Amino acid sequence: MRLYPEQLPQHLQAGLAPCYFIYGDEPLLKQEALDTLRQAARALGFDERHRFDADEGLDWDDIFDASQSMSLFSQRQIIELHLPDKLDKTGSDRLRELLKQCHPDLLLLVTGPRLNQQQQKSAWFKALTTAGPQVPVITPDARHFPRWLSQRLHQHGMSAEPEALRWLAYAFEGNLLAVAGEIEKLALQNLPQPLTLALLQQQVQPHHQFNPFQLFDPLLQGKVKRACRILLQLRQEGIEAGMLCHLLARELSTLQQLQLGLQGGQSFHQLAGTLHVWSSRQPMMQAALGRLPLPKLQQLQSMLAAADRAVAVFDDDEAWRWLYSLCVGFLDAQPLTITP
C-alpha cells in the first residue's frame, strides 16, 4: 500500500501496521511522517525505541537481538532502521530476514533516500512493500507547492489571498523547512486574515532553495525563465558548475539517444524503457523531443562541452556563462546563434 504523508493520520485511525517504509529526499516531510508514526506508537504502548544506520559498520545481529528482547520497562518497542543511498547484498539479505521477525509488539520504521527505478525493482524493496505501507516523501513541485502551502496555512488557522500565496510559493520554492518555520511564526502573531501580499512581503524574508536535479525538468518543458532562475540560485547556493555539467551531460545523452532511436523507427516507449527513463518523466521527454531536433541537441552538447572545458581550467565564470546560454538554448527548435 502506498500512503502519502498527509494520509497517515486517517490511516492510523484503523491501527498501526507492523512495518512502514518512509523514503524520499524531503527532510521536513520525512521527519513529520516519522513523528506521526512515533506518536501513534507511543499511544499504543511502544515506549522503547532503538535506532540503527545500515552502513558498512552496522552489526545486523544487534538489530536482531533488539527485536527479540524486551526490557523491564516496556513490552512493546520501535526499531528504526535508516538505509544508505545504496544497500549491498548483505544488507538486502539481512533486511529481508528482519522483516520476517515482525510481531505485534514490534514496530519497524525503515527510512531511505529517494529511489531510482532499479532500486524499486530490487528484492529488498519488494519485501518492504509486502511487509507494510510505503510512504514516499518528495518536495512538492512548482505546480503543487501553492496547494501545499494553502493546506499548511489552514493547519495553523490561516489563509492567504491568491496573489500572496503565489508570492510565498515563489519565495520558498524547494525549501519546505524554511517556509514551515515562517508559517509557525506568522501563526503566533495573530495577523488579520486572509494574509495579503503586502503583509507577507513586510513580515517574511524569501528563502528559496533548489537542488541540481530540479534544473532539467523546466528545460524539458521549455520553461527557460524558470530554469535560468534555478541555475542562478544554484550558483548562489555554492553548487559547483562541474556537478551540473555531469548531470546535464547524462540528460542530454539520453535525449540524443532517444532522438536517434526515433529516427531509426523505434517506438518512444520502448526506447524510454531501455534507457531507464522514469515513467513520470516520459511525457516531458517526448514533448521536448518534438522541440529539440538532433542538430539542436548536438549544438547543446557543444555548449556543455565548452562549459566542461572551462571547469577543467578553473574558469568558473566562463563555465556558468555557457551553462546559462545552454539553458536559453532549450527554448525552441531554432538553431543557436552563439556556439563555441
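Buried means under 20% relative accessible area, exposed over 50%, and partly exposed in between, with a 1.4 Å probe and protein chains only. This is a predicted model: local features need pLDDT of at least 70, side-chain atom pairs count only at pLDDT 80 or more, and totals for chains, interfaces and linings use all residues. Residues are numbered from 1 along each chain as its sequence is written, and side-chain values use heavy atoms, with hydrogens and water left out.

**Salt bridges**

The criterion is a side-chain nitrogen of Lys or Arg within 4 Å of a carboxyl oxygen of Asp or Glu. The count comes to 21 salt bridges.

Select D316 and R235. Their closest N and O atoms are 3.9 Å apart. The pair links distant parts of the chain, 81 residues apart: D316 is in helix α17 (316–329) and R235 in helix α12 (224–236). Helices are DSSP runs of H or I, at least four residues; strands are runs of E, at least two; both are numbered from the N terminus. R235 is partly exposed at 35% relative accessibility, and D316 is partly exposed at 40%.

Next, pick R281 and D217, a salt bridge with 2.9 Å between the closest N and O atoms. R281 sits in the loop between α14 (268–274) and α15 (282–291) and D217 in helix α11 (216–220), so the pair ties together parts 64 residues apart in sequence. R281 is buried at 16%.

Now show D35, R38, R49 and E80, which are linked in a network of salt bridges. Within it, D35 and R38 come to 3.0 Å at their closest N and O atoms.

**Helix α6**

Finish at residues 123–131, where W124, F125 and L128 are buried.
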